[in-house]
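This report describes one protein model, going from overall surface and fold to single residues. The structure comes first.

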Amino acid sequence: GYAHQEVPFEKVVEELQPERDLSRTPLFQVFFNLRNFADTSLKLPGLVMEKFALVSDHERAEVRSNFDLTLHAIDDDQELHLSAVYNADLFAAETINRMLAYLQTLLQSVTVRPDQKLAEIPLITDAESTLLKSGFTQDLK
């Protein structure tokens with residue numbers, strides 16, 4: 001992707017000529033947006049500029065999306081904040097919350113053991129695993 005990042009999206013669509021459905025985007029329906037707001041103050045001789053937020057970092061994620069599911073990850077050098085914007089006709093709030101919890105479990109596991117194999121990375125907590133193994137899936141809400 002980085003090698004061809006200068007290619008306009010419209011050109012990619014034109015070249016691939018995917019079957020068009022006006023109810024969805026032509027190539028993908030899920031969008032991941034990582035925002036890194038590291039300290040990027042600009043200092044020039046005789047002038048100091050710094051960024052300021054018009055809204056809190058937690059409110060920076062857009063409230064609408066052109067995709068079925070948009071995941072926003074905001075890295076503020078202290079924490080990683082996750083939020084999702086989704087099509088409510090396709091997803092229930094409980095489903096999105098559960099997906100975000102899975103992602104949180106995955107990220108925490110990778111942070112604790114960065115050398116573990118991909119197949120060993122858990123997506124669910126031990127408590128959830130126990131519930132699933134016992135057949136009580138209704139308690140996962």
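## Basis and overall figures

Accessible areas come from the Shrake-Rupley method with a 1.4 Å probe, and for residues only the protein chains shown count as cover. On that basis the protein exposes about 11,500 Å², and carbon and sulfur atoms supply 55% of this area. Of its 141 residues, 16% count as buried (buried is under 20% relative accessible area, exposed over 50%, and partly exposed in between, with a 1.4 Å probe and protein chains only).

The model is predicted: local features need pLDDT of at least 70, side-chain atom pairs count only at pLDDT 80 or more, and totals for chains, interfaces and linings use all residues. Residues are numbered from 1 along each chain as its sequence is written, and side-chain values use heavy atoms, with hydrogens and water left out.

## Fold

Three helices and five strands are present. Both are DSSP runs numbered from the N terminus: helices are H or I with at least four residues, strands are E with at least two. Their order along the sequence is α-β-β-β-β-β-α-α.

Contact means heavy atoms within 4.5 Å. Among contacts in the protein with a separation of 6 or more, 34% join residues 24 or more positions apart.

## Helix α2

Helix α2 covers residues 93-112, 20 residues in total. From first C-alpha to last it reaches 29 Å, close to the 28 Å expected at 1.5 Å a residue; the expected span is 1.5 Å times one less than the number of residues.

Ile-96, Thr-105 and Ser-109 are buried in α2. The cover over the buried residues of this helix includes β4 (69-75) and β5 (80-86).

## Strand β1 and Asn-33

Asn-33 lies in strand β1 and is buried, at a relative accessible area of 17%. Leaving aside neighbours within four places in sequence, Asn-33 is in contact with Leu-71, His-72 and Ala-73.

Phe-9 lies in helix α1 (residues 9-16) and is partly exposed, with a relative accessible area of 39%.

Gln-17 lies in the loop between α1 and β1 (30-36) and is exposed at 64% relative accessibility. Its phi is positive, about 45°, although Gln-17 is not a glycine. Most residues other than glycine have a negative phi.
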